[in-house]
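Welcome! Here is a short briefing to read alongside the model, with notes grouped by topic.

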Amino acid sequence: MPAAKASALVAVLLVAGYAAALASATTYTVGGVNSWMTGVDYAAWASDKSFVVGDKLLFSYVREEHTVTEVSKSRYDDCFGKDMASEDNSSGLTTVTLATPGMHYFICIVPDHCAGGMKLAVNVSAAPPPGAAAGGALRVPVTVPVVVAAATGALIKLAQL
């Protein structure tokens, strides 16, 4: 196979691979424009989203004024998480990958924040809902490198979306 044809095939395969990755995972900024703070209705924010295994939750908040702690259902209901440990949970930017299907519960353990509504429950499916891919909806992560093969076969990083 001539080098130009091989390069074109590599380009097609790379683009197809990135398109599959784009279609299979989404990074959600928790709370949207409001981010992770008191006074936001996180149940309403999550209500129109379909979370699947592999998706990420990006919690953005004022550093050391809030926390992100994943807890059990009972601790979520009781707003109790003081003895729970979460890696890097007060840095101001916490990303959680939803690695398993089922309910996942998150709270802020700063006194009175959870009781004031700073808590999130998400239901994670093992796969996208039926028809999601067929409907043409593209699930796009926050940042995805786009790579294309040049005619010579050298890879060029074109953009950070």
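## Briefing on the side chains

Trp 36 is buried, and Tyr 42 is buried as well. Please keep in mind that this is a predicted model.

**Aromatic rings**

- In total, the structure holds 7 aromatic pairs.
- One of them joins Trp 36 and Tyr 42, a tilted pair with 4.9 Å from centre to centre and 55 degrees between the planes.
- Phe 59 and Phe 106 also pair: their ring centres are 5.4 Å apart and their planes meet at 55 degrees, so this pair too counts as tilted.
- Trp 36, Tyr 42, Phe 59 and Phe 106 belong to one aromatic cluster.
- Elsewhere, Lys 119 lies over the face of Tyr 76, at 4.4 Å from the ring centre.

**Nonpolar cores**

- In soluble globular proteins, nonpolar side chains tend to be buried together.
- The largest nonpolar core here has 20 residues, and those with the most contacts inside it include Trp 36, Phe 59, Phe 106, Leu 120 and Val 122.
- Helix H2 (42-46), strand E3 (56-60) and strand E7 are the elements that give two or more residues to this core.
- Setting aside neighbours within four places in sequence, Val 122 is in contact with several residues, among them Ala 46, Phe 51, Leu 57, Leu 98, Met 103 and Phe 106.
- A second, separate core has 5 residues, including Val 71, Tyr 76, Ile 107 and Cys 114.

**Cysteines**

- The structure holds 1 disulfide, formed by Cys 79 and Cys 114 with their sulfur atoms 2.1 Å apart.
- The torsion about its S-S bond is about -70 degrees, so the disulfide is left-handed.
- Are the two partners buried or exposed? Cys 79 counts as partly exposed because its relative accessibility is 25%, whereas Cys 114 is buried, with a relative accessible area of 4%.
- Cys 108 is in no disulfide, and the nearest cysteine sulfur, that of Cys 114, is 8.1 Å away.
- With 1% relative accessibility, Cys 108 counts as buried.

How values were computed
Residues numbered from 1 in each chain as written. Predicted model: local features only at pLDDT ≥ 70, side-chain atom pairs only at ≥ 80, totals over all residues. Heavy atoms only, no water. Disulfide = S-S within 2.5 Å. Buried < 20%, exposed > 50% of the residue type's maximum accessible area, 1.4 Å probe, protein only. Core = buried A, V, L, I, M, F, W, Y, C linked by side-chain atoms within 4.5 Å. Helix = DSSP H or I, 4+ residues; strand = E, 2+ residues; numbered from the N terminus. Contact = heavy atoms within 4.5 Å. Phe/Tyr/Trp six-rings, centres within 6.5 Å; stacked < 30°, edge-to-face > 60°. Lys NZ or Arg CZ within 6 Å of the ring centre and 35° of its normal.
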